[in-house]
Amino acid sequence: MAKAKSISYEFFKGFWEILPPFRLVLGLCPMLAVTKYVENGLGMGIATTFVLLFSNIIISSIKSVIPKKVRIASYIVIIATFVVIVELVMQAFFYSLFEKLGIFIPLIVVNCIILGRAEAFASKNPIHLSAADGLGIGLGYTMSLFFISAIREILGAGTFFGMHIMWGSYEPFAFMIEAPGAFICLGLLLAMMNLIPNKLSGAN
Amino acid sequence: MKEYIRMVVVLTVIATVCGFLLAAVRKGTETRIEEQVLLYVQGPAVNKVLSSSTNDLIQDRQEISVQGQDYLIFVGERNTQPWAVAFERTAGGYGGDIGVLVGFDIERDIVTGIGILTHSETPGLGARVSESIFTDNFNNKTLNANFNVKQDGGFVDAVSGATISSRAVCSAVRKSLELYPEIKKEIVKQ
Amino acid sequence: MKLIVSSPPHWHAKIDVAKIHLHLIIALIPAVLFSVYTYGIHSARVIALAVATAVISEILIRRLLKKPVTIDDGSAILIGLLFAMIMPTSTPYWLVVIGTFLSIFIGREIFGGLGCNPMNPVIVGWAITRISWPNYFNLDLASVGYNLDFNYRYPLALLKSGGVDQIADFALIDLLLGKQVGGLGSAAAIFLVIGGVYILYRGFITWEIPLSFTVGVLAMASIFWLTDSSQYANPVFHLLTGNVIIGIFFLATDFSSSPFNRWGMIVFGLGCGILTIILRIWSIYPDGVLFAILIMNLFTPLLDKIHKKPLHLEIKEL
C-alpha cells in the first residue's frame with residue numbers, strides 16, 4: 001500500500017474509493033434481496049455495519065494468536081457470534097424490522113464483505129485502523145443500500161419510508177420492486193459509477 | 001504437534017468465549033423477545049378470533065396444566081365474565097409444523113375462528129392457509145362439525161394446490177377440539 | 001476446422017441492414033392498415049407514438065453515449081412498430097412512451113446497439129411494462145367502447161378463466177381473418193401471414209424458425225387436445241390467437257437473439273412453440289408466446305454451439 005495509513009483515510013475510503021458494492025463488488029445478495037423498501041435497506045445496512053465493526057476490532061486484536069491454518073474458522077465463529085447478537089437484539093427491540101428482514105439477518109454471516117475485510121484488512125492491521133475500516137466500509141455499504149432502496153421504493157411503490165411522495169395519479173413502476181428490477185437497477189448504477197470516474201479522469 | 005495443540009486450544013477458547021457471550025445475550029433478551037412475539041405474532045390472531053372481548057387478551061394470558069401438560073391460553077372476557085378461550089395446537093404440514101390458534105365460545109360451545117401463528121409452508125401455495133379466505137372457513141362452527149377438507153368428506157375448502165397444508169390445519173383444529181372440554185372445565189372452575 | 005465468428009445479423013452479405021429493416025416494415029403494413037381500419041384513430045395513435053418514441057430515444061441515447069446515430073438503418077422504427085403491434089389499443093400514452101423507451105434502452109442500447117442484444121428488445125420492453133402495470137394489459141377492457149362486428153372478449157382470457165366451453169363460438173375462420181380481440185396488430189392473423197410469407201419469399205428471414213415454431217405449437221397443443229378435448233382447446237385455435245403469428249414471423253426471427261445455424265434454429269423454434277402452450281395451460285398468463293420467446297432467447301448462445309452432424313445426419317453448413 002503506497003498511501004499513508006491514517007485513520008481518516010481508512011475511514012473515508014469506504015465512501016468512494018472502494019465503496020461497496022459498487023467499487024468493491026461484494027455483498028450483492030443482501031443488496032438485491034432486501035432493498036425493496038428504504039426501511040429494510042437501512043436496517044440491513046446498520047446491522048451489517050455493526051457486525052463489520054466489531055468483527056474487525058476483535059479479529060484485529062487477536063490476530064497474533066490465531067494460527068494461520070484455522071484462521072477462517074476462527075473468523076467465522078466470531079462473525080457468527082455477532083450476527084446472532086444482532087438477530088437477538090433486533091428481535092427484542094425492532095420486531096417488525098426483524099419480521100421483514102427474516103432469513104437475511106442470519107445470512108449476514110456469509111456476506112462476503114465481512115469475511116473479506118477480516119481476511120484482507122483486519123488480520124494485517126492494528127486495531128484502530130481496523131475499526132476505522134470496518135466503520136467506513138459499513139457506513140458506505142449502508143449508504144449504497146439506502147440509495148438503491150430509495151430508487152426502488154420511490155419508483156416501484158411511489159413511497160419513501162412508507163409515505164406516499166409521488167403525485168396522486170402516479171402508477172407505481174412495480175417492476176422495480178420485483179427481483180429482475182433489482183438486477184437491472186444495480187447494473188445501471190454500476191455502469192454509471194464506472195462512467196463518472198472515466199469522465200473525471202478524461203476531463204483532467 | 002505443538003502447532004496442533006495450539007490450533008485446538010485457540011479454537012476452543014474462541015468458541016467457548018463466543019458461546020458464553022451468546023448465552024448471556026440470549027438470557028438478557030429472552031423475556032423481551034417473548035413479549036414481542038406475543039405482541040406481533042399471537043396478538044393479531046388472538047384479537048381476531050376473540051374479537052368481541054373487552055379485556056386485554058395478551059396481558060391476561062395464563063398457563064394452565066391439563067393432564068400434566070402446560071398450555072398457554074388466552075381467555076376473552078365480557079363484562080369481567082369469561083366468555084371464550086383460545087389456545088394453540090400444532091400439526092405437521094408440508095414444510096414443518098403449523099401452529100394454529102383456535103378460539104372457542106364457552107357459552108355457546110362453538111368455534112369462533114382460527115388464526116395461523118407459525119408455519120414454514122411454501123410461499124404462494126401452502127402459505128396461503130394463513131389468508132383469511134381459508135381461515136374464514138372455520139368461523140362460527142359447531143363442535144360436532146366435520147373439521148376435514150372436502151376431499152376427506154369435511155366442510156373445509158382446501159387451498160388449491162395445498163391439500164397437505166390444509167389437512168394439517170384441520171388436524172390441528174381437531175386436536176384443539178379434543179383438548180377443549182378439559183380446558184373449559186378449568187376455566188369454569190376459576 | 002476454422003470457424004468464422006462474428007456477431008449477427010450476418011447472412012445476405014449483399015443486402016445491407018437498412019434494406020432488411022425496410023422490407024420487414026413493409027411486411028407489417030397490411031396488419032397496420034387492418035388495425036387502423038378496425039380500431040381507427042386509437043390504433044394509429046399508439047403506433048405513431050411508439051415509432052416516434054423509439055426514434056427519439058435512440059437519438060438521445062446515442063448522443064449521450066457519444067456513439068454514431070444510426071437512425072437511418074430503420075431498426076428503431078421497426079422496434080417501435082412491433083412494440084405497438086403487441087400492445088392493446090387502449091394503452092395510455094405514457095405507457096407506450098415508457099415501454100418503447102425501455103425496449104430501445106434496456107433491450108438494445110445497453111448491450112451495445114444493433115446486433116448485440118441477447119433478447120428481443122421489443123419483448124424486453126413489453127415484459128417490463130407487463131409486469132409493472134398488468135391492469136393496462138387486460139385486453140377485455142381494451143375493446144370496450146368500440147363498435148366491433150365480432151365477439152369483443154379476448155379469446156385466450158376466456159379460455160383461461162372459463163375453460164374450453166367458453167370458446168366454442170369463436171369460428172376459426174374469424175380468428176384467421178383477424179376478427180378477434182388482441183394486441184392492436186397481432187390479432188390480424190391473415191395479414192401477418194401475408195407479410196410473413198413476403199419476407200420469407202424474399203429471403204429476409206429463413207424458413208426454419210417459422211416452421212419449427214408452428215410445428216411446436218401444433219404438436220404440443222395436439223398432445224393436450226388428443227388426451228382430453230373437453231378440457232383443452234384445439235391446436236389451430238392456439239395457433240391463431242394471441243401473439244403467436246406475429247411471434248412466429250417477426251419476433252422469434254430477430255437476427256441477433258436467435259441462433260444462426262439450421263439445427264439451432266429448429267430447436268429454438270420448437271422450444272418457443274412448446275413453451276408457448278405450456279405457459280398458456282399452466283401459467284397465470286393467458287398468453288405465453290412472448291415469455292416463451294424471451295426464455296428461448298436466453299438459450300441462443302447454447303444453441304449456437306450446435307454445429308455439424310447432430311443426430312448423425314449429414315447437413316450442409318449455412
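Is A:Phe98 buried or exposed? A:Phe98 is buried, at a relative accessible area of 13%. The close-ups below come from a predicted model.

View 1. A:Tyr95 is buried because its relative accessibility is 7%, under the 20% limit. A:Phe98, at 13%, is buried as well. Over all chains, the structure holds 26 aromatic pairs.

**View 2. An edge-to-face pair in chain C.** The rings of C:Trp94 and C:Tyr136 have centres 5.5 Å apart. Their planes stand at 90 degrees, so the pair is edge-to-face. C:Trp94 belongs to helix H4 (residues 93-105) of chain C. C:Tyr136 lies in the loop between helix H5 (121-132) and helix H6 (139-142) of chain C. The pair therefore ties together parts that are 42 residues apart in sequence. C:Trp94 is partly exposed, with a relative accessible area of 22%. C:Tyr136 is partly exposed too, at 25%.

**View 3. An aromatic cluster with members from chains A and C.** Chain A supplies A:Phe173 and A:Phe175. Chain C supplies C:Trp94, C:Trp133 and C:Tyr136. These residues form one aromatic cluster.

**View 4. C:Trp126 in the largest nonpolar core.** This core has 157 residues. C:Trp126, C:Phe250 and C:Leu251 touch the most other members. Leaving aside neighbours within four places in sequence, C:Trp126 is in contact with C:Phe83, C:Ile86, C:Met87, C:Phe137, C:Leu290 and C:Phe291. Another core, of 34 residues, lies apart from the largest one. Among its members are B:Phe87, B:Ile98, B:Val111 and B:Leu179.

**View 5. Contacts between the chains.** There are 2 pairs of chains in contact. Of these, chains A and B share the most contacts. No contact joins chain B and chain C. The closest C-alpha atoms of chains B and C lie 13 Å apart.

**View 6. Confidence along chain B.** The mean pLDDT of chain B is 82. In this chain, 99% of residues reach 70 or more. Helix H1 (residues 2-49) of chain B has the highest confidence, at a mean of 87. Confidence is lowest in strand S1 (residues 62-66) of chain B, at a mean of 79.

Conventions
Residues are numbered from 1 along each chain as its sequence is written. Chains are lettered from A and ligands numbered from 1 in the order in which they are written. This is a predicted model: local features need pLDDT of at least 70, side-chain atom pairs count only at pLDDT 80 or more; totals for chains, interfaces and linings use all residues. Side-chain values use heavy atoms; hydrogens and water are left out. Contact means heavy atoms within 4.5 Å. A nonpolar core is a set of buried Ala, Val, Leu, Ile, Met, Phe, Trp, Tyr and Cys residues joined through side-chain atoms within 4.5 Å. Buried means under 20% relative accessible area, exposed over 50%, partly exposed in between (1.4 Å probe, protein chains only). Rings of Phe, Tyr and Trp (its six-membered ring) pair if their centres lie within 6.5 Å; planes under 30 degrees apart count as stacked, over 60 as edge-to-face and the rest as tilted. Helices (H or I, at least four residues) and strands (E, at least two) are DSSP runs, numbered from the N terminus. pLDDT is the predictor's confidence in each residue, from 0 to 100.
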